[in-house]
Amino acid sequence: MKILIAEDEPSLRENLQWMLELEGFEVLAACDGLEALAMAQTHKPDLVLTDVMMPGLDGFGLVKALRENPGSSTLPIIMLTARADRTDTRTGMNLGADDYLTKPCRREELLEAVHARLERSRIQQLAAQRMQMEVRQAMQIDTLTALPGRDLFEQQLDNALNACPTVSLLCLGLDGFSKINESLGTGVGDLVLREVGKRLQQCTLQSDRTRPYDAVGRLGGDQFAVCLADLPDPAALAAHAGNLLRALSQPYNVSGHTLFLTASIGGSAYPEQADSVHALLLNAESALHHAKPDGPGTYVYFDAAMNRRVARSLLIHNELHRALENGDLQLFYQPQVRISTGEVVGFEALLRWQHATMGWISPAEFIPVAEQSGIIVQIGEWVMHTAARQAAQWLARGHRNFRIAVNISVRQFVGQDLPQLVDTVLKETGLPPHMLELEVTESLALHSVATTLAILHDCKSLGVKLAMDDFGTGYSSLSYLKRYPLDALKIDQAFVRNIPQDQGDMAITRAIVAMAHSFGMSVIAEGVETIAQLEFLRALGCEDVQGYLFSKPVPADQAATAFAGFATYPAVSDPVI
């Protein structure tokens, strides 16, 4: 152990040094506070003995300087004075001294104080080390499930890659877990996650094939991972994934609720598809991302094409931001036709994008990317302004009795002040409110009903029209149809497409039309392409249609020619526009 003495009296300094060296301590000696401070910073002693009265920098100044330095802030310090003055004692202790001895001190008194302070320092260091270990462990172990967290799981995965010739990885995500938190609270959700962790451990770590490097971890949220060493082939990995899916689909009995959940799984293998922990995790998570859209309870094994699709998605994400900034997005307009008269009663504004090098990019490809990234909010504002401005121009040219319909995304609806945006657009463009129609989707029903109703009523109070888009493809509910202030339902083209061949689609279409009329709403059918479809809808009393039978979506200058009206039975192969 190393002790530093700061004492300006040579004989006392030598005496202290002699007594401590006899006990086996390594002793450093300084004749004043400044020298002692420099030696403390250089030699890192385990304890400091300092006189109070010294030239240059006294003992009080030395204590203060040592305590202010992070490297010596916890260093044990014993102060020495020739005067038993309580004021000196109090001042020293307030500055951070640990003990106080009066000179001349006896050998036994000195050694007792030194040993006591060194022992206390040792105990404090051990406690600090133990606390640091507990903090690191707490950071690596998920406190909710007691499973390894992402960092610790990655370490276990790395150990497996270094020790085993083959390693397989499964990434799991629960389907629709957010609904549990939203409807029953996070407390119930936490109990479900804990049960999921137990089931994964039971299936993986307590099976007959368990290997030393098998592991289960929680990556975050409702996402888990399973490491499996030395599986013979992808079929064995698929079999284990199937076992996990079956285990997780069993009922969850928590807090008096019986809940049913499914999971999706993505799988990848080392060294066949990845050469590192990072690549293996990236591949399995990419496979999970592709499994989710295929429906609940799906398992997908990684292939290289997934990375190409991910790269394409990233490219579209980046280019979409530039497209919005550079004005490369366009609006096309598809006429909506009154069946009984053939006159145009509206246009739906549809987003289009022609990239300079990639050409036309389908909305089915870029709109989901815009939704996921959040840029759909800015795009939605641009669409509403542009469409309303175009409608106002047509109105100024003498065209009347039509509406302009714009689609409102869930993100735009929930995350922004939609009524304020609508009010601003109407005032800036001068478009009469009844000529603007907002098309919302059934997925809004998954969000807060109270908030949704409030926003819809606020928009309705401005005088605009409201339509439910793609009705029948989502979470259809009579309860929200009854409560929401809708003016129209739009029948999705998925039901219209197979009329009159598919009796089921015909029955659904009949039901939608009857239900809409019972609630006092009009009906617009999308995707009308044949005279047979038009005639079927006419017989049901469907008011309006849109589709290739009349016109595909076209730029504004071409769409304006539709104001001349349509024959009620145009030729299928020869659209008017």
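Asp-230 sits in the loop between β8 (223-229) and α9 (234-248). Phi of Asp-230 is near 60 degrees, a positive value in a residue other than glycine. Asp-230 is partly exposed, at 30% relative accessible area. Buried means under 20% relative accessible area, exposed means over 50%, and partly exposed lies in between, with a 1.4 Å probe and protein chains only.

This is a predicted model, in which local features need pLDDT of at least 70, side-chain atom pairs count only at pLDDT 80 or more, and totals for chains, interfaces and linings use all residues. Residues are numbered from 1 along each chain as its sequence is written, and side-chain values use heavy atoms, with hydrogens and water left out.

## The whole protein

The protein has 21 helices and 21 strands. Its radius of gyration is 38 Å, whereas a compact globule of 577 residues would have one near 25 Å. That radius is taken over C-alpha atoms, and the globule rule is 2.2 Å times the number of residues to the power 0.38. Along the principal axes, the C-alpha atoms fill a box of roughly 120 × 65 × 55 Å.

Of the 577 residues, 48% count as buried. The protein exposes about 27,100 Å², and carbon and sulfur atoms supply 52% of it. Accessible areas come from the Shrake-Rupley method with a 1.4 Å probe; for residues, only the protein chains shown count as cover.

Take the contacts with a separation of 6 or more: residues 24 or more positions apart account for 66% of them. Contact means heavy atoms within 4.5 Å.

Charge comes next. There are 47 positive and 68 negative side chains, and the centres of the two sets lie 4 Å apart. Lys and Arg count as positive, Asp and Glu as negative; His and the chain ends are not counted. Each charge is placed at NZ of Lys, CZ of Arg, CG of Asp or CD of Glu.

## Backbone details

Ser-255 lies in the loop between β9 (252-254) and β10 (257-259). Ser-255 counts as partly exposed, at 49% relative accessibility.

Two cis peptide bonds also deserve a look. One runs from Lys-103 to Pro-104, with omega near -5 degrees. Pro-104 is in the loop between β5 (99-102) and α5 (107-140). Another joins Tyr-270 and Pro-271, with omega about 0 degrees. Pro-271 is in the loop between β11 (262-270) and α10.

## Around helix α10

Ala-274 is found in the loop between β11 and α10. Ala-274 counts as buried, at 4% relative accessibility. Leaving aside neighbours within four places in sequence, Ala-274 is in contact with Ala-269, Ala-279, Leu-280 and Asn-283.

Helix α10 itself covers residues 277-291, 15 residues in number. From first C-alpha to last, α10 reaches 21 Å, close to the 21 Å expected at 1.5 Å a residue. The expected span is 1.5 Å times one less than the number of residues. Eleven of the 15 residues of α10 are buried, so the helix is largely enclosed by the rest of the structure. Among the buried residues are Ala-279, Leu-280, Asn-283 and His-290.

| Pair | Separation in sequence | C-alpha to C-alpha |
|---|---|---|
| His-43 and Lys-2 | 41 residues | 8.7 Å |
| Glu-365 and Arg-312 | 53 residues | 9.8 Å |
| Ala-274 and Val-167 | 107 residues | 9.9 Å |

His-43 lies in helix α2 (residues 33-43). His-43 counts as partly exposed, at 35% relative accessibility. Apart from neighbours within four places in sequence, His-43 is in contact with Lys-2 and Leu-28.

Glu-365 belongs to helix α12 (residues 363-373). Glu-365 is partly exposed, with a relative accessible area of 30%. Apart from neighbours within four places in sequence, Glu-365 is in contact with Arg-312 and Ile-316.

Notes: Helix = DSSP H or I, 4+ residues; strand = E, 2+ residues; numbered from the N terminus.
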